[in-house]
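Subject: Structure handover

Hello,

Please find the structure below, as promised. My notes on what was found in it follow.

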Amino acid sequence: MTKTNSKKDKDKGQDPLLARPYKVSHQTLCITGVNFKHRAIIGYVELTIIPQKSTLSRVKLNSKQCRIYRVTVNGAEAAFDYSDPTLEVCQGDTRQRNLDYFSTCHVSAVGSVDSDMGNGELNIHVPHEVYTNVSDGRPLQVSIEFSLEKPKGGLQFVVPDMEGTMAERGAHVFSYGLENSSRLWFPCVDSYSELCTWKLEFTVDAAMTAVSCGDLVDTVFTADSKKKTFHYVLSIPTSAPNIAVAIGPFEILVDPHMHEVTYFCLPHLMPLLKHTADSIHRILEFYEELLSWRYPYTCYKAVFVDQSYENSGSFASLTIFNTNLLHTPRIIDQTPYTRRVIAYAVAQQFFGCYVCMHSWSDVWVGKGIAGYLLGQYIKKFFGKNEYRYWIHSEQQKLVHYETEKELVVLHSKDTSARGRYFHTRHPHTTSWIHSKMAAKKSHLITRLVEQKIGFESLLQVFNKLLSLATSAASQKYSPTNWSNMLLSSASFVKLISTVSGKDIHLLLDQWVYQGGVVQFSGSFVFNRKRNLVELELNQKVGEHGIQKYVGPLTVTIQELDGSFNHSVQIEDNTTRHELVCHSKSRRNKKKKIPLVNGEEVDMDLSAMDADSPVLWIRVDPQLTLVRKVEWQQPDFMWQYQLRYERDIIAQHDSIMALEQFPTPASRLALTDILENESCFYRVRMEAAFCLSKVANAMVSSWMGPPAMMSMFKRMFCTQMYTNLIKCNNFSNLQGYFLQKTMPVAMGAVRDAHGRCPKDVLQFILQLIKYNDNGKNKFSDNYYRASLIDALAATVTPSVTMLDTSTDSRTEQALLPETKAVLEDVVRLLNLEKLLPCYQFTITVSCLKAIRTLQKNGHLPSNAALFKSYADPGQYVDVRLVAMEILTDFVHVDQDEEVLGWLLDYVEIDPIPYVRHKLLQLLLKNPPFTPKEDSKLNKESLVERLWTTLNTGLSYDARLRCDLVDLYYTMFGRSRPSCLPPPEFGLLVNLKEKKA
């Protein structure tokens, strides 16, 4: 009977609150020593647990890579066992090398130590002398002494190799990790559902500062004043994954506008910190006003560190940021990105830290709300156009992923892999790319919920969630009542129903409980006799990642007398609809056309059909679905839509469509948009690149100077000498981004022979030569980098590429144009070593340009230069672009030596972020795929990757999942084809295998 019930619980998914036979009410974490030289910490934890069962005989906790010295329960010595099956996922001498087998073993290993299933690596035997406390339900004090030396994950020691004390060298250490990774640096119940209050103590050198969660209540120096202990108290119930620490010689800044907010940065970075952090108090105030709720913690701390795991890591009242986000007021391009990162991190303080997920299957709710709040911030501070552009780009990325790769199921009722090569039931088995796409989908679905119940109702739901959590947190000594601080799909839906009175189950069934997106293709015919539009819409159901949609769909028709919305009902894969027009054709009558925003404009109607009042048609203009639309209409309609439709998504769609219509009318429409200063700058940038493609397609009939050159001269050159660029003045940000973009688009223009026109190349060289930033209050490093990108864009294949028998490429053999490009690139690259710019953007562009020259046959294909720039010690962005180029070497040249060199860095690079990004680069441009016949596809490569996958990455779940993705990309799910068939006796029946 017991077995049957447990099987049912497993099928349904066990509640983590019921899986553990005890409840943690309080935990003390005390780090008594930090040794930077040996990269070690020592300390102890003390957990106050309340037995939930009178038969409690073992306490299972999470702890990885820590050395456990001693465990006591209520002062009595306790025996303990330690087992970490993730150290070797596929145990035994098996010859299996397929991902189906690995995935089964992986999810089994992770599940066997999953705290949400009542498991853990550390198994403590409750001593007999405290059994009375257990049977009476009285609290137990579990104390664990531990140390951690040279951690491979969880803690990052940054110790610069230079002279001086650790404080003088800027040495620091901070915690990091994927979800449920606190176990990597201290024993705990590593689950978001296990909330408790905290006392945190850190003893460090006197020159160091320890920053952690909660309120700093005291700082005590030792008798010799060489060390000091920071005492933090976190009285709000918080889960272990939301606990973090950063220790270093930080400079401290208290926000002058909001004194409960404090910032920390490494030495000598205070001027950058003051400018970067200036927006944080406004972000907090915006969220408080939006949610009608005060920031939930009594303080907020932002720490900027080097070599961070990601750009931001959010924890209770603390965010650890990457120091590369810091910038001065002179930097333009970094500012909006940094503010978005900070805004999302602050949103996670409300939903993600204070109100956190109940279980991993509920992560979409918190991520969705935080992403939605970020969207509201973007709309408020960056404008509605930027917000809609962001929503559209997020949707495009999600559609591409679901249709090309994997379905994203936000809350799966089926715990099996369901055709994937990885499981999504736990963060440590889920592909990192998949998790990022799930986060994108989460906030898109939250936006759909807003459209369903209304903006005000959704804000009331958020307010109610915070109200319930605050009420629960105030009950300090009632851990069983803290469940209202946990956010689950069920509680979210129930609260929406209570607040708004609306049922969203159909919406969740469509977008949350199943994967896939909607894809429409459509066209129309205008019926003159009946004055209506005959519309046909097709759904591509059956293709990968495409789900069937049944329900209402909005179609907007812009007519001569205005814009009219029509709601059509979609029921079948192919539907036809007759939409009556509200206007009559005007023939020769002149009258202003009213647009959807109420504006009235004059239009030249000579291009349209004289008998039709239809100017253009849009499907789902408000993005009420997660969809892709392939719409067909005549080119003049796309041109009208580009010129006169004020929605930037419609303008974007028009630009994409006009690439297929290289006509003088398209050229004129794109030129008009480029010159229209009232048009959104991102649309103008897209129009520039589209115009270069249209110009290339019209090369035989193109009249006048090369595309965009005359326009650029009018905008940015002096009136008297049109070839002389004005002194830089980036105070007009729209003009700045256009000034950066147009040279790159011009560089892509080609003449009838497929080469870049000499006029364009000479013009770009002049822009570099006469660039003057002396009177500009903004830095021009990104602008100069874009000019190098423009030079690289002018490069075309060399004739010598046709003859691969000899390599006689020398500087003398280069064409004058190519030689001029190479000389400028090398000069700027060398100059960067003497006068480095912000984030070495010039070096990054120069390295890309050199690789472009190599790929086009102008330089020998040599990887030595890029290896030197990829070595540790270089700035991280420079390293990553060099590694990106080296992955291209592997793909193009099938260079086994370079691939081995890159895999060395995957295994041993000291910075986890670099290892992760390198694997992402290999995924983006893999050495080979299962369908390709590659000389790199060898048994030795399979064994190396499998060994690393199986035993080498147990302390960084993100890296292990990255490598799973790469293994799948190169070999597929089945056994790699380069391996000999396994012995019959070694074949394993996965169905019978027991984990």
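I start with Arg 169, which sits in the loop between β9 (155-158) and β10 (172-175). Helices (H or I, at least four residues) and strands (E, at least two) are DSSP runs, numbered from the N terminus. Arg 169 is buried, with a relative accessible area of 19%. Buried means under 20% relative accessible area, exposed over 50%, and partly exposed in between (1.4 Å probe, protein chains only). Leaving aside neighbours within four places in sequence, Arg 169 is in contact with Val 159, Pro 160, Asp 161, Met 162, Glu 163 and Gly 164; contact means heavy atoms within 4.5 Å. The C-alpha atoms of Arg 169 and Val 158 are separated by 9.8 Å, and the two residues are eleven apart along the chain.

Before the rest, two remarks on the source. This is a predicted model, in which local features need pLDDT of at least 70 and side-chain atom pairs count only at pLDDT 80 or more, while totals for chains, interfaces and linings use all residues. Residues are numbered from 1 along each chain as its sequence is written, and side-chain values use heavy atoms, with hydrogens and water left out.

Overall picture

The protein has 29 helices and 31 strands. Along its principal axes, the C-alpha trace spans about 100 × 70 × 70 Å. The radius of gyration is 31 Å, which agrees with the value near 30 Å that a compact globule of 995 residues would have. That radius is taken over C-alpha atoms, and the globule rule is 2.2 Å times the number of residues to the power 0.38. Of the 995 residues, 58% are buried. Among contacts with a separation of 6 or more, 71% are between residues 24 or more positions apart.

The protein exposes about 42,400 Å², and carbon and sulfur atoms supply 51% of that area. Accessible areas come from the Shrake-Rupley method with a 1.4 Å probe; for residues, only the protein chains shown count as cover. There are 109 positive and 106 negative side chains, and the centres of the two sets lie 2 Å apart. Lys and Arg count as positive and Asp and Glu as negative, with His and the chain ends not counted. The place of a charge is taken as NZ of Lys, CZ of Arg, CG of Asp or CD of Glu.

Cysteines

How many disulfides does a search of the whole structure find? The search finds zero, where a disulfide is a pair of cysteine sulfur atoms within 2.5 Å. For Cys 265, the closest cysteine sulfur is in Cys 299, 18 Å away, so it is too far for a bond. Cys 265 is buried, at a relative accessible area of 0%. For Cys 717, the closest cysteine sulfur is in Cys 727, at 12 Å, again too far for a bond. Cys 717 is buried as well, at 2%.

Residues within helices and strands

Thr 446 belongs to helix α10 (residues 432-453) and is buried, with a relative accessible area of 2%. Thr 446 and Gly 366 are 80 residues apart along the chain, and their C-alpha atoms are separated by 9.9 Å.

Gln 539 lies in strand β24 (residues 532-539). Is Gln 539 buried or exposed? Gln 539 is buried, at 8% relative accessible area.

Residues in loops

Gln 307 lies in the loop between β18 (300-305) and β19 (312-315). Its phi is near 60 degrees, a positive value in a residue other than glycine. Gln 307 is partly exposed, with a relative accessible area of 22%.

Asp 620 is in the loop between β30 (614-619) and β31 (627-631). Asp 620 is not a glycine, yet has a positive phi of about 50 degrees. At 1% relative accessibility, Asp 620 counts as buried.

Tyr 875 is in the loop between α24 (864-870) and α25 (876-893). Apart from neighbours within four places in sequence, Tyr 875 is in contact with Asn 324, Gln 839 and Phe 840. The C-alpha atoms of Tyr 875 and Phe 712, 163 residues apart along the chain, are separated by 34 Å.

Regards
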